[in-house]
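This note sets out comments on the structure shown below. The points are numbered so that each may be answered separately.

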Amino acid sequence: MTSGFGRLVVLVCAVLLLCAADGAEPPGYRMDDYRAPTPATLRGAIVLSTEQAHDAWEKHEAVFIDVLPQPPRPVGLPAATIWRPKPRDDIPGSIWLPDTGYGALAPVMEDYFERGLQQATDGKRDRPLIFYCLANCWMSWNAAKRALTLGFSHVAWYPEGTDGWAASGLPLEARTPLPRPQAAE
C-alpha cells in the first residue's frame, strides 16, 4: 500500500516531467546538455520558422548570427602536425561567433560576443538579429537571450538552424568564424 507521502512524491515527479516536456523556458541560461529539445519560445524574442528566416534572409532584413562551437586545435598536438578544423557550412552572409552560446561565458568571451554583435550591427542595438545553430541546440537560445540582456531590441531565434535550412534545400556556404580572443583558446 502506497502512503500519502509516496503518492505526493509520484505526483510531484509527474508534474515536473510534464513541465519539462512542455518546452517551458528555464529562468536563466541552459548550463549543460546543449543538444536537447528546446522550448518553443524565448521571452522577448521572435521565434522563426525556416520559411520566416528565409524570407528575412532574402530581404536582407537582419544579421544572421551562428553560435555553433568550434573545437580548438587539440592541446599537445605537435606544432608540425597539420590540423584543420571541421568546415562549417552556414547560412550565406552570416557571422559566426563560435562558443558564445554556452550558459556561462568567461569575461573575455562575453566581450567577444558583445563586440561581435556591435560590429555586426554597426553599433545599432535596434538592428534585427537572428540567432541560430543546429536543430535541438540550446546554444542559439542562450545567445539570443544574452543579446536581449545586452540591450539588443530586435532579437529573433531560429531554432531549426542550419539543419532546418539545409533540409529545405536552401543554400549554404563555407564560413570561417570571427577570430576568437587568444585567451579563450
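**Notes on the predicted model**

1. Asp 66 stands opposite Trp 96 in strand E4. On strand E5, the residue opposite Asp 66 is Tyr 132. The coordinates belong to a predicted model, and the points that follow should be read accordingly.

2. Overall composition. The chain comprises five helices and seven strands. Read from the N terminus, its elements follow the order α-β-α-β-β-β-α-β-α-β-α-β. Of the 185 residues in the chain, 41% are buried.

3. Sheet order. Five strands form an open sheet in the order E1-E6-E5-E2-E4, and the pairing is parallel. The edge strands are E1 (46–47) and E4, each of which pairs on one side only.

4. Pairing of E2. Strand E2 (residues 63–66) pairs in the parallel sense with E5 (residues 129–132), over four bridges. Within this pairing, Leu 129 is the bridge partner of Val 63. E2 also pairs in the parallel sense with E4 (residues 95–96), here over two bridges.

5. Pairing of E6. Strand E6 (residues 155–157) runs parallel to E5 and is joined to E5 by three bridges. Val 155 of E6 is the bridge partner of Leu 129. E6 is also joined to E1 by two bridges, again in parallel; there, Trp 157 of E6 is the bridge partner of Val 47.

6. Which elements make up the right-handed β-α-β unit? The unit consists of E5, helix H4 (residues 138–149) and E6.

7. Burial of the strands. In a regular strand, side chains alternate between the two faces of the sheet. In E2, Val 63 and Ile 65 lie on one side and Phe 64 and Asp 66 on the other; all are buried, so both faces of the strand are covered. In E5, Leu 129 and Phe 131 point one way while Ile 130 and Tyr 132 point the other way, and all of these residues are buried. The charged residue Asp 66 is thus listed with the buried residues of E2.

8. Aromatic contacts. The count of aromatic pairs comes to seven. In one of them, the ring centres of Phe 64 and Trp 165 are 6.3 Å apart and the planes stand at 70°, so the pair is edge-to-face; the cut-off for that class is over 60 degrees. Because Phe 64 lies in strand E2 and Trp 165 in helix H5 (residues 161–167), this pair ties together parts that are 101 residues apart in sequence.

9. Why do Phe 64 and Trp 165 count as buried? Phe 64 counts as buried because its relative accessibility is 3%, and Trp 165 because its relative accessibility is 0%; the cut-off is under 20%. The rings of Tyr 158 and Trp 165 likewise have centres 6.3 Å apart and planes at 70°, so that pair is edge-to-face. Both Tyr 158 and Trp 165 are buried.

10. Aromatic cluster. Ring pairs link Trp 57, Phe 64, Tyr 132, Tyr 158 and Trp 165 into a cluster.

11. Largest pocket. The volume of the largest pocket is about 160 Å³. Its lining consists of Leu 68, Pro 69, Gln 70, Pro 71, Lys 86, Pro 87, Arg 88, Asp 89, Trp 96 and Leu 134. By class, six of the lining residues are nonpolar, one is polar and three are charged. Trp 96, the residue that stands opposite Asp 66 in E4, is among the lining residues.

12. Surroundings of Pro 69. Where is Pro 69 placed? Pro 69 sits in the loop between E2 and strand E3 (88–90), and it is one of the residues that line the largest pocket. Pro 69 counts as partly exposed because its relative accessibility is 22%, whereas buried means under 20%. The C-alpha atoms of Pro 69 and Gly 101 are separated by 7.8 Å, although the two residues are 32 residues apart along the chain.

Technical notes
Residues numbered from 1 in each chain as written. Predicted model: local features only at pLDDT ≥ 70, side-chain atom pairs only at ≥ 80, totals over all residues. Heavy atoms only, no water. Buried < 20%, exposed > 50% of the residue type's maximum accessible area, 1.4 Å probe, protein only. Pairing = 2+ DSSP bridges. Right-handed = clockwise from strand over helix to strand, strands pointing away. 1 Å grid on protein atoms, 1.4 Å probe; cavity = no way out; pocket = protein on both sides within 12 Å on 5 of 7 lines; lining within 4 Å. Points joined across faces, edges and corners; volume = space filled by probe spheres on them. Phe/Tyr/Trp six-rings, centres within 6.5 Å; stacked < 30°, edge-to-face > 60°.
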